[in-house]
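Here are my notes on the model you asked me to look over. Have it open while you read.

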Amino acid sequence: MHVLTRKLPAIFKLNLMSSTAIYHHKKSFNLENGKQLRELRVAYQTYGTLNANKDNVIWACHALTANADVADWWKGLFGDKYLFNPAEHFIICANVLGSHYGTTSPLDTDPVTGNPYYLSFPEFTIRDLAQVHQLLAEHLGISKIKVLIGGSLGGQQAAEWAISNQIEIENLILVACNAYQTPWGIAFNESQRLAISADRSFFSQQPDGGMKGLQAARSIALLSYRTYEAYNATQVESVNEKTGDFRAASYQKYQGEKLCRRFNAYSYWYLTKAMDSHNVGRGRTSVIDALKSIKSNTLVIGIENDFLFPINEQEFLGKHIPGAEFHSIKSAYGHDGFLIETDILTNMIGTFLKDSVNKKIVKLHKIA
Ligand SMILES: CC(=O)SCCNC(=O)CCNC(=O)[C@H](O)C(C)(C)COP(=O)(O)OP(=O)(O)OC[C@H]1O[C@@H](n2cnc3c(N)ncnc32)[C@H](O)[C@@H]1OP(=O)(O)O
Ligand SMILES: N[C@@H](CCO)C(=O)O
């Protein structure tokens, strides 16, 4: 199978209007669990220019398998002709800790042993991912973010970062995410890790170890990202005569292979564990108190038929984040709709940001 022999992907497809950079954090990075990474490298991409007032920063946090090139994976919302465009904004997106698209990951060499980490990479949490964003912001001299946005695992990071209150975040946009990972979400992730660990090559500690397992993991994950309706709309057979070789089966295999062409099982393993760790209440008085501490103007968007992060999870965020607006959208795609329904997101977010500017003007008038 080609999935077992394929080389790891090139780190980035370069985007012409953007610039890609690496931040080398010169000190050790302390993880929430008390462990340390002696070296930390963060790959990030910027688009546009920071203005003189340093108040045009749009920071996007990516989901499980994406990378720093937000104009590629969130095209329609980010890019030249879109709501978040480089002519107006200074857009930043960093590849998360543990992902191999340029940031320190299990495929890197452990400076202590001189060998690649693979399964000796320390576990990390969503809070650690947010802390890495904070370090990058400090390195870039950014003390105010106009809009912090993320969907799914990206939204989890954005929520954690906002709660940490280390940087001013004027507007926070949380899409298809939650305040803590539910038993349902953890069960999906564990099932995917079971698939990976059933592939004994995962323990070979090679860059392409666990690829058959990763293929199965993506197939399981896809069921949580999509819907019954979507499969009926796209994978239904045109004839009744078949007893095998079904389209839906080939789709699952293909989607698994497609991920294996651009991802690795070790990053996937650690990132799903980070997702499981998500709980904004950990070490704080409660989940609700943590949400109540958010100071940003917040928009929460949920997808009505999101099977993985059901809409009640976003309603909960909207209810407990002070002054938050909550909206729901319909998407045939279910959870993955957050990556695809960019026209709806553009309208919703555009209106929210305009209203937020108007509210600010009214507030200033009142003060004057
Ligand atoms: C460096 C990089 O690679 S950038 C990384 C890009 N990805 C990310 O950032 C992660 C976020 N993105 C995603 O999760 C996804 O791309 C999404 C959700 C946005 C869209 O998912 P897609 O897989 O593109 O869409 P969809 O589910 O409609 O599947 C279409 C694909 O399945 C194939 N397909 C459809 N039906 C079948 C079938 N019955 N059998 C086999 N293949 C099938 C199509 O030919 C198409 O193939 P292609 O992707 O090679 O063109
Ligand atoms: N489809 C997304 C995961 C769902 O949030 C990704 O591959 O990053």
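This is a predicted model: local features need pLDDT of at least 70, side-chain atom pairs count only at pLDDT 80 or more; totals for chains, interfaces and linings use all residues.

1. Residues are numbered from 1 along each chain as its sequence is written, while chains are lettered from A and ligands numbered from 1 in the order in which they are written.

2. The protein has 13 helices and 10 strands (DSSP runs numbered from the N terminus: H or I of at least four residues for helices, E of at least two for strands).

3. How far does the C-alpha trace reach along its principal axes? It spans about 75 × 55 × 45 Å.

4. Of the 368 residues, 45% are buried (20 or more other C-beta atoms within 10 Å of the residue's own; exposed means 12 or fewer, partly exposed in between, with C-beta atoms placed from the backbone).

5. Now zoom in on helix α5, residues 183–198.

6. Which residues of α5 are buried? They are Gly 185, Phe 188, Asn 189, Gln 192, Arg 193, Ala 195 and Ile 196. Seen down the axis of α5, they fall within an arc of 155°, so they line one face of the helix (the arc is that of the directions from the helix axis to the C-beta atoms). An α-helix has 3.6 residues a turn, so residues three or four places apart point the same way.

7. Turned away from that buried side are the exposed Pro 183 and Ala 187 of α5. The buried residues of α5 pack against α6 (211–225) and α9 (265–277), going by contacts (C-beta atoms, placed from the backbone, within 7 Å).

Methods:
Two residues are in contact if their C-beta atoms, placed from the backbone, lie within 7 Å.
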